[in-house]
Amino acid sequence: MPPILRHLNHQPYADTWQAMQAFTQQRTADTPDELWTVEHPPVYTLGLSGKREHLLNIGDIPVVHSDRGGQVTYHGPGQVVIYTLIDIKRLPINIRELVTLLENAMIAALADYGISAQARADAPGVYVQGKKIGSIGLRIKNHCSYHGLSLNNAMDLRPFTLINPCGYAGLAMTQLADLGVHVTTAEAAALIIDKITPALQP
């Protein structure tokens, strides 16, 4: 069964996070997987291993301590966010294979836009000419994933300069709009989902 798609439009990060936790806690072995697309108001999130020293000069943008993996990142309007609520035991894949699946989906979507992108073994995510365009942060509970991926489409990238993105000082970020691709965030999300969905069929 293909995953159920839910388009949440614009939602606060904390509310969506709590909804993901509730969904994962309540799901059973028969619960269909779901993919949620959403855009968040400006927010920094610190992962489980996140260190506040990577927050440099963040001003009044709120910080949420999240239970995803990874360090610090930024979410804001104009960014594709896709949350992957997946029973990885049912597929079956492990967390590393899920990360690779999500990286490859973003890379394939970017290729459709004529952009050559790569993953990096030392730093999960997707990169174009050394600049990061896509990020991944996951949590696995009871063999089920939540959180997911983000891809920069047409957003204000300046908040990334006020942190060490993903814990890397000086890591440059890029986005579709800066690479000459002008699409709505919903269109970009739909293309990535088209790349993810075939790989989620057990």
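**Helix α3 and its surroundings**

Modeller: Helix α3 consists of 12 residues and spans 17 Å from its first C-alpha to its last, close to the 16 Å expected at 1.5 Å a residue. That expected span is 1.5 Å times one less than the number of residues in the helix. Helices (H or I, at least four residues) and strands (E, at least two) are DSSP runs numbered from the N terminus. The model is a predicted one, in which local features need pLDDT of at least 70 and side-chain atom pairs count only at pLDDT 80 or more, while totals for chains, interfaces and linings use all residues. Residues are numbered from 1 along each chain as its sequence is written, and side-chain values use heavy atoms, with hydrogens and water left out.

Within α3, the buried residues are T185, A188, A189, L191, I192, I193 and I196. Here buried means under 20% relative accessible area, exposed over 50%, and partly exposed in between, with a 1.4 Å probe and protein chains only. The cover over these α3 residues includes β1 (4–10), β2 (34–39), β6 (79–87), α2 (95–112) and β10.

Among these, β6 is itself mostly covered, with 9 of its 9 residues buried. One side of β6 carries Q79, V81, Y83, L85 and D87, the other V80, I82, T84 and I86, and all of them are buried. Strands count as paired if DSSP finds at least two bridges between them. β6 pairs in the antiparallel sense with β10 over 7 bridges, where Q79 stands opposite N152. With β2, β6 also pairs in the antiparallel sense, over 5 bridges, and there W36 stands opposite Y83.

A further sheet is open and has 3 strands in the order β4-β3-β5, with mixed pairing. Its edge strands, β4 (63–65) and β5, each pair on one side only. Neighbouring strands of this sheet are turned by 25° against each other on average, direction ignored. Strand β3 (residues 43–46) runs antiparallel to β5 and is joined to it by 4 bridges; L46 stands opposite V72 in β5. Helix α1 lies across β3, β4 and β5, running at about 15° to β4. Such angles run from 0 to 180 degrees between N-to-C directions of lines fitted to C-alpha atoms, for helices over the stretch in contact, and contact means heavy atoms within 4.5 Å.

Turning to the aromatic residues, rings of Phe, Tyr and Trp (its six-membered ring) pair if their centres lie within 6.5 Å; planes under 30 degrees apart count as stacked, over 60 as edge-to-face and the rest as tilted. By this rule there are 4 aromatic pairs. The ring centres of Y13 and W17 lie 6.3 Å apart with planes at 40°, so this pair is tilted. Because they are 4 residues apart in α1 (residues 13–26), Y13 and W17 are separated by about one helical turn. Both Y13 and W17 are buried. Y74 and F160 form an edge-to-face pair, at 5.4 Å centre to centre and 85° between the planes. This pair links distant parts of the chain: Y74 belongs to β5 (residues 72–75), and F160, 86 residues apart from Y74, to the loop between β10 (144–152) and α3 (185–196).
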